[in-house]
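Here are my notes on the model, written as numbered points for someone who is new to reading structures. Please keep the sequence and the 3D view open while going through them.

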Amino acid sequence: LNLLIDCGPGTLRRLGRARKGITSLDAVFITHTHPDHVSDLTSLLHGLRIGAAGRRKKLTVYGPPGFRDYFDRIVLTQIRLPDHFTIEAQEVEETLTLGSLVVLTFTVKHVESLNSVAYRFEEACAAIVFSGDCDYDQTLIDGARHADILILDCCTLDSDKMEGHLSAGLAGLVAAKAEVKHLIPTHFYPIPAADSEREQECRIQFSGKITLAEDLMTFEV
């Protein structure tokens, strides 16, 4: 399966650099509808309409509660859907099965005015969790429990903690309490500090493997 999780600015350009064509996508998963997570979604769907003439399989775009309204009011007012295959927006359920892949969805704390979810992808006894934007809470820890890879919001250092986001120390604490194997902090806000300081603060709480996220990284599970 070829899945895309969130579709913020620069997604299409990065997919091109990674030589990952959009025409083979099986599904898109959106964590929430802030623009830094959905701004390229309209361009992606427009590109599929005009650049995937041979495609026939359906593409489903999954999102949190309220996503269908966003899709109808924002996305569909800017583009025309393709005639030769179906694009459908669906609001995620707690559990979804795509072939041998099981997708578990759980709510995370971000902003009160917006529904935000994280995704846990499980197949053949392996699990990858993608948090989206989130703050510290027990539901996040439970959803990430024993994940092989946890891709986790790590917005700032502890001294600059922002409401609705994890700081580096809290990201490490989530990873430690969830007992994950590999923590990949991401969603870095620009701060006057070296990346190494983020990792150091994560390591105060988490002794496992840590890799700071960079564009075009690849991992095997």
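1. The buried residues of helix H6 pack against helix H5 (138–143), strand S9 (149–153), strand S10 (182–186) and helix H7 (195–205), where contact means heavy atoms within 4.5 Å. H6 itself covers residues 168–178, and its buried residues are Ala 168, Gly 169, Ala 171, Gly 172, Val 174, Ala 175 and Ala 178. Buried stands for under 20% relative accessible area, exposed for over 50%, and partly exposed for what lies in between, with a 1.4 Å probe and protein chains only. Just after H6, Glu 179 takes a positive phi of about 55°.

2. A word on the basis of these notes: this is a predicted model, in which local features need pLDDT of at least 70 and side-chain atom pairs count only at pLDDT 80 or more, while totals for chains, interfaces and linings use all residues. Residues are numbered from 1 along each chain as its sequence is written, and side-chain values use heavy atoms, with hydrogens and water left out. Helices (H or I, at least four residues) and strands (E, at least two) are DSSP runs, numbered from the N terminus.

3. In helix H3 (residues 41–51), the buried residues are Leu 41, Thr 42, Leu 44, Leu 45 and Leu 48. Seen down the axis of H3, these buried residues fall within an arc of 165°, so they line one face of the helix; the arc is that of the directions from the helix axis to the C-beta atoms.

4. S10 and S11 run parallel and are joined by two bridges, and Leu 183 has Ile 210 in S11 as its bridge partner.

5. Strand S7 deserves a separate look, since five of its seven residues are buried, so S7 is largely enclosed by the rest of the structure. S7 pairs with S6 in the antiparallel sense over six bridges, and five bridges join S7 to S8, again antiparallel. Arg 120 stands opposite Val 129 in S8, and in the hairpin of S7 and S8, which has two residues between the strands, Ala 124 takes a positive phi near 50°.

6. Leaving aside neighbours within four places in sequence, Ser 116 is in contact with several residues, including Thr 31, His 32, Phe 106 and Asp 133.

7. Two further residues have a positive phi of about 60° without being glycines, namely Arg 19 and His 187. Arg 19 is in the loop between H1 and strand S2 (27–29) and counts as exposed at 78% relative accessibility. His 187 is in the loop between S10 and H7, and this residue is buried, with a relative accessible area of 19%.

Key: Two strands pair if DSSP finds at least two bridges between them.
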